[in-house]
Amino acid sequence: MTDPATQSMIRTESDERAAAAGYRYDERTGDHVCEFFERYLYHTMGVHAGNRFTLLDWQRDDVMRPLFGWRKPDGSRRFGKGDVFVAKKQGKSTLAAGLANYYLVTGGQRAEIYGVAHTRDQAGIIYREAAAMARTSPQLNDRLKAIDSQKRLVYPGTSSFYAALAGEACSRGVEGINPILVIIDEIHVQRSRELYDGLAYASAARPNSLMLSVSTVGVANQTTIWWEQYQYAKGVLDGTLIDLHRFAYVAQADLDCADNWEKCGQVEQWRKAMPSLGHTVGEDKIQDAYNEASNSPAKQNAFKRYLLNIPTAQVEKVVPIENWKACIADEPDLAGRKCYGGLDMASSEDLTAFTLYFPEDDEPAYVLSWFWCPEDKIADRERRQLAHYRQWVEDGYLNETGGARIDHKDIEIAIREICDVYNVQEIGFDPWNADAVVNPLLEDEFPVVSISQSMNAMTAGTQGILDDISEKRVYHDGNAVLTWCLANCAADQRDDGIKFSKSKSADKIDGAVALAMAKGRALAGVEDAAPMIF
């Protein structure tokens, strides 16, 4: 008969099997780690800095107690590996830092603890928090010594240490280590399978060792380490996988939020993914983020992944393409109307794009576009049934030029002719591979400007055109190649920037990049034309 303490910890089919096999929950060991946190550790940042650490319900009852309290029949710890997936700003790194300190002082002689992240800077996050905890604790400060230059925390009394490792340095290997604890921070960005496997095998060699990942979910990609671990954890939780020695905790909103933006705004969904909501981050901040993302498809994917802990598609398409298609319109009278160009030469063996963006004046904004491709590439795409290059040529949306490689002279001549027809104020161009077309234009004093493809240089134009499309305030002639490029677009994003990403996108996006440059030059032109106030 299962004792009450063990019965209270049975939550999955694997737990049922473990109990039937004689595994038991030991309240004393389950509470021991919790008592360590709340007796010896202090908060080091924010409004709680200086206060004793108080575990939240989910940290205590859903992670710490089951992770450390479950025991095998021989008394050793049940779990050797574990995964904790929870939204951002929920105290994952703080929890990991506390565990590092716990293992340092309870792990016995020559305990080795490692904190692993993709980059050295990321690996330093847990180290800095662990070191700060040690310094602010009267009981730990006398025992533990932080060596900031090495990102190393040591306990001289037992010759134990905590060290930060970076996945980007995996070439040095992990042979010879014998860890009792390995914490992997943000496994969704971990690229080194060699490092992961090496640490897994090294951890397994030591009794009562633990390899624990703490992370937010990433982009759904079956080839990545994080995806394998996430799917395994989900399988353990839903009972489709039975593993008595694998711990899993996944906090996330309902998966149908991926296709239901209105549901993403419900507080109960936030709480499912953010069990620390109201403690580490306020509802007002999440509401602000939701309101902002409601006006930007590019930010909606980020909201779902980082705050709802829902994996997003491998290719995070950022353009609301139905809005774009809804704005097809006959070309208006553009004679004399100011416009700005964008030129993306891309590869000399594939697609080249040139766009004109006519800013809104008395009429709505309008876009025209031209595309060129070598004949051999068109034939190759047709043979492999990739896109519709041949049909686009027949429809007049795509121009054949050259055989195996683009004929740059054809493009130069075409741009000259376009500038004769339209009032082009400036042409922004990606400098890569553009010399053969741009240099003759420069010699004849055409208004061409080199545009770095950096985040800083591309954000204004990229965000500007995304806003135009989202609000259906830009019209176009329905060029099918440009529509295809926009539909392919994924983006590189950070808090203060966004740009279309060729490496992440489903296929060619040269037209979208050219359009973003044209929009960026238009915005710069408006700023330059603004009256100056002294």
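This is a predicted model: local features need pLDDT of at least 70, side-chain atom pairs count only at pLDDT 80 or more; totals for chains, interfaces and linings use all residues.
In soluble globular proteins, nonpolar side chains tend to be buried together.

## Aromatic pairs

The structure contains 23 aromatic pairs. One of the rings involved is that of F37, whose centre lies 5.4 Å from that of F53; the two planes are at 65°, so this pair is edge-to-face. F37 belongs to helix 3 (residues 27-40), whereas F53 is located in the loop between helix 3 and helix 4 (57-69), so the pair ties together parts that are 16 residues apart in sequence. Both partners are enclosed: F37 counts as buried because its relative accessibility is 0%, and F53 counts as buried at 3%.

The rings of F68 and Y102 form another pair, with centres 6.0 Å apart; their planes are at 75°, so the arrangement is edge-to-face. F68 is part of helix 4 and Y102 part of helix 5 (residues 92-106), so this pair ties together parts that are 34 residues apart in sequence. F68 and Y102 are both buried. These two residues also belong to one aromatic cluster, together with F36, Y40 and Y103.

## Charges over rings

Two arginine residues are placed over aromatic rings. R152 lies over the face of F161, with a distance of 4.0 Å to the ring centre.

## Helix 19

Helix 19 spans residues 455-470 and has 16 residues. From its first C-alpha to its last, helix 19 reaches 21 Å, close to the 22 Å expected at 1.5 Å a residue. After helix 19 comes K472, which has a positive phi, near 55°.

The buried residues of helix 19 are M455, M458, T459, G461, T462, Q463, G464, I465, L466, D468 and I469. An α-helix has 3.6 residues a turn, so residues three or four places apart point the same way.

Definitions and conventions. Residues are numbered from 1 along each chain as its sequence is written. Side-chain values use heavy atoms; hydrogens and water are left out. Rings of Phe, Tyr and Trp (its six-membered ring) pair if their centres lie within 6.5 Å; planes under 30 degrees apart count as stacked, over 60 as edge-to-face and the rest as tilted. Helices (H or I, at least four residues) and strands (E, at least two) are DSSP runs, numbered from the N terminus. Buried means under 20% relative accessible area, exposed over 50%, partly exposed in between (1.4 Å probe, protein chains only). A charge sits over a ring if NZ of Lys or CZ of Arg is within 6 Å of the ring centre and within 35 degrees of the ring normal. The expected span of a helix is 1.5 Å times one less than its number of residues.
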